[in-house]
Amino acid sequence: MKNKIKVAPSILAGDFGRLADEAKRCEDAGADLLHLDVMDGHFVPNLTMGPKAIAAINRATNLFLDVHIMVYNPFNYIERLIESGADRIVFHFEATEDVEETLQYIQKCNVEAGLAFCPETSNEFIPKFLTKADYLLLMTVHPGFGGQAFKYDVLKKIEFTRKLIDEQRIRYKGQIVSQDKIQNIPPYEIGVDGGITDETGALCVEAGANVLIAGTYLFTQPNLSKGIEKMRAIECPK
Ligand code: DX5
Ligand code: ZN
């Protein structure tokens, strides 16, 4: 199956007084999915939205809701996030001792389980989870705030991760998929989040990312739809 770039506006950069309208606007502008940031004021020094706001967004759009939780003890929030309409829950490797248990529980609830890594977390922790997580999110800024500068050194981590996926067996919908069957399934998704623009996004895609999450860049475009299209048009190496 041909690899293709997915573009996920991060609503953190939208108007918080009109979250439901902003979600609808992203859908109408052709977003592939919508990225929602949940912060707890502990794992990161900021507060954003919780299950009630996510439920309101879910009522306003049919977009796939990619919920990125920057919270300690992510396990405790899974049920409420799923009730609110999360289609994928992405939690941080650095936020819990129970990474595998949390991934498994999310998958048991029939929701995609994603694992996020902060920029400074070593590559050595990634291989173990390739066959366990449905999606990997490589942070290209330290999580907590929108509008930060892209960290170029994460490009190496993206390359490392894509290479591992290409070399190893991967998991898709709960199944381990061997290399010879990989072309029959959608490409394994590697997301990047933080400081993503059309330019830094192109570098990430070249390194192997295929989900581009962008807040500030997209929400400051004069035309959201054209901004999304520009990012999606980035040439994928495969
Ligand atoms: C930051 C969040 C991001 C944020 C990205 O911790 O996880 O999703 O919205 O914002 P920009 O695109 O402005 O860097
Ligand atoms: Zn995020």
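This note sets out numbered points on the predicted model shown above.

1. Basis of the note. Residues are numbered from 1 along each chain as its sequence is written, while chains are lettered from A and ligands numbered from 1 in the order in which they are written. In this predicted model local features need pLDDT of at least 70, side-chain atom pairs count only at pLDDT 80 or more, and totals for chains, interfaces and linings use all residues; side-chain values use heavy atoms, with hydrogens and water left out.

2. Helix α2. Helices (H or I, at least four residues) and strands (E, at least two) are DSSP runs, numbered from the N terminus. In helix α2, residues 51-60, the buried residues are Ile54, Ala55 and Ile57. Buried means under 20% relative accessible area, exposed over 50%, and partly exposed in between (1.4 Å probe, protein chains only). Seen down the axis of α2, these buried residues fall within an arc of 160°, so they line one face of the helix. The arc is that of the directions from the helix axis to the C-beta atoms. Lys52 and Arg59, on the other side of α2, are exposed. The buried residues of α2 pack against α1 (19-28), β2 (33-39), β3 (64-70) and α3 (78-84), where contact means heavy atoms within 4.5 Å.

3. Helix α8. The buried residues of helix α8 (residues 224-232) are Leu224, Gly227, Ile228 and Met231. They cover an arc of only 95° around the axis, which puts them on the same side of α8. An α-helix has 3.6 residues a turn, so residues three or four places apart point the same way. The cover over the buried residues of α8 includes β1 (6-9), α1, α6 (198-207), β10 (211-214) and α7 (216-219).

4. Ligand 1. Which residues come nearest to ligand 1? Of the 18 residues around ligand 1, they are Ser10, Gly144, Asp193, Gly215 and Thr216; a residue belongs to this shell if one of its heavy atoms lies within 4 Å of the ligand. An oxygen atom of ligand 1 is 2.8 Å from a polar backbone atom of Gly147, and a polar side-chain atom of Thr216 lies 2.4 Å from an oxygen atom of the ligand. These are polar contacts (a pair of N or O atoms within 3.5 Å; within protein, one must be able to donate a hydrogen and the other to accept it, and residues adjacent in sequence count only if both atoms are side-chain atoms). The protein covers 99% of the 380 Å² of accessible area that ligand 1 has on its own, by the Shrake-Rupley method with a 1.4 Å probe; for residues, only the protein chains shown count as cover.

5. Arg88. This residue lies in strand β4, residues 88-92. Arg88 is buried, with a relative accessible area of 1%. The side chains of Arg88 and Glu189 are joined by a polar contact of 3.0 Å.

6. Ile106. Helix α4 (residues 99-108) contains Ile106, which is buried at a relative accessible area of 0%. Not counting residues up to four places away in sequence, Ile106 touches Ile78, Ile89, Phe91, Val111, Glu112 and Ala113.

7. Two loop residues. Most residues other than glycine have a negative phi. Asn73, in the loop between β3 and α3, has a positive phi of about 50° although it is not a glycine. Asn110 is found in the loop between α4 and β5 (112-117), and its phi is near 65°. Asn73 counts as partly exposed at 47% relative accessibility, whereas Asn110 counts as exposed at 73%.
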